[in-house]
Amino acid sequence: MNLPSKYSFIELNTELEKILNIIQDTNDNLCVLGAAGVGKSLTIQLLSDREFYNHNTIVCCPTGISAVNASTDNIKAQTIHSLFRLPPMSVIPVDHLKTHNDLEDLFVNLHTLIIDEISMVNSDLLTKIVYLLNQYRGGEPTRIIVFGDPSQLAPVVSTVEEQNYLDDIYGSRFFFHSEVFTSMRVVHLNKIYRQSDSGFKEILNRFRMDRATDKDYKVINGRVMDISEFGNNALYVALTNNTVNLINDRELQKNPNPFKVYHGEVSNFHPLPVPKDLYLKLDAQVMITANNKSVGYYNGLLGRIHKFNKDTIDVATEYGVFSIEPYKWSKYGHEYDKGSGEIKAYEIGYYKQFPIKVAYALTSHKTQGLTLDKMYLDLERGTFASGQLYTSLSRVRSLEGLGLARSIHKRDSKISSVIKKFYKKIEKTEKSVRST
Ligand SMILES: Nc1ncnc2c1ncn2[C@@H]1O[C@H](COP(=O)(O)OP(=O)(O)O)[C@@H](O)[C@H]1O
Ligand SMILES: [Mg+2]
């Protein structure tokens, strides 16, 4: 495997090497699975780099938030609905399945469609976009490569009717019940590069598969403590908006400093990652909500407002004080450029604001994708969604960074039985992929 030299930091573990070989040496459809921090986004970055993969690609994501999170300097992700111009519905009625003349060039010249956060794409949506691609391309297949973690949050289905429809027609709401999945090779990335503590990683992996042992529960439940014992600079993660709003309001009110407000500038962009009217106070606990690799802060980093400057806001964090500048989030579209023969992303909307929000507490749903140093997890009266417990637990880097408001019980681990069956099945097929 020859990687461009700028990727010399990448460790080619067995599974990653297999994936990169499939990508470069075959034209097979591919499904890359794995926990948080195993290198899925890194692989998408390689696929988006013509030095590694010299084909027209588009990266798309199920939601606006996931598209913003997936986008970097090198990756410009669009939502699936916007790319295919679908109405904002989870199950698309057949009479809304239309091709558009002005999108023909784009899809005819698309070599590979990449989908991130595939766990949130439902079986019907995946089936329908494959149908549309076929329409645009007169049956000539597009390569499809998907990435995700089925143990994290499942597709949102708004009504019981939709749920029943997906169960009846496809077998379940999950993407792997769409027919195109049968054409995909499946590789599971196993080595986690994000968390540091290896014992904790193994425990998390068992929670991910709903295979945690009594000992695992005991170790995790050793972290039950009063919040005052856990100390400052922790994010309180709860399950309901009620609890989260209560804590944020209460803590902000305790702070005697005056409010300072910053107004954002928005153009064709929603949902907003931080409030349009951003109310802050000196010394308030905040989360930085953007990555800046060169300066050293990242999405999810907690700190306190240290100083308001003329054009920047100083935030004191565990890694030092950062002068945060206003940030621009972009929303992207894609077009085919006849001259170069390449598909290019272009901006169709933006939002400018400081990448900062008051963050004493956050719901577990909103922690998806974040890496936290210190988290106090309150499971309140119990989890209510597939993947909720695992998604929350896997945000912290170490066991020491975790505090629990109450003990975790087996009933809190709500991995759907459909997902567990799926893992059993791919464990068998993975072995066959391994031997090819
Ligand atoms: N094989 C690897 N070698 C070196 N670093 C890696 C490797 N895989 C992932 N990383 C690093 O680990 C972190 C998490 O990877 P990422 O691709 O964001 O994970 P995922 O998308 O699966 O959650 C990133 O900083 C990434 O650069
Ligand atoms: Mg990722």
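**A tour from the sheet to the loops**

Begin by selecting strand E1 (residues 29-34) and strand E5 (residues 143-148), which run parallel and are joined by four bridges; strands here are DSSP runs of E with at least two residues, helices are runs of H or I with at least four, and both are numbered from the N terminus. The model is a predicted one, in which local features need pLDDT of at least 70 and side-chain atom pairs count only at pLDDT 80 or more, while totals for chains, interfaces and linings use all residues. Residues are numbered from 1 along each chain as its sequence is written, and chains are lettered from A and ligands numbered from 1 in the order in which they are written.

Within this pair of strands, pick Leu30, whose bridge partner in E5 is Ile145. Next, select helix H1 (residues 14-25), which packs on the sheet and touches E1 and E6, its direction making about 155° with that of E6; two residues count as in contact if their C-beta atoms, placed from the backbone, lie within 7 Å. Such angles run from 0 to 180 degrees between N-to-C directions, with axes fitted to C-alpha atoms and, for helices, over the stretch in contact.

Now show the whole open sheet, whose six strands pair in parallel in the order E3-E2-E4-E5-E1-E6, two strands being paired if DSSP finds at least two bridges between them. Strand E3 (78-79) and strand E6 (184-189) stand at the edges with a single partner strand each, so one side of each has no neighbour in the sheet.

For the last stops, go to the loops, starting with Glu117 between E4 and helix H6 (123-136). The phi of Glu117 is near 55°, a positive value in a residue other than glycine. Is Glu117 buried or exposed? Glu117 is buried, with 25 other C-beta atoms within 10 Å, whereas Asn268 is exposed, with 10; the cut-offs are 20 or more for buried and 12 or fewer for exposed, counting other C-beta atoms, placed from the backbone, within 10 Å. Asn268 lies in the loop between E9 and E10 and has a positive phi of about 45° although it is not a glycine. Finish at Pro271, which is placed in the loop between strand E9 (265-267) and strand E10 (277-281), and look at the peptide bond from His270 to Pro271, which is cis, with omega near 0°.
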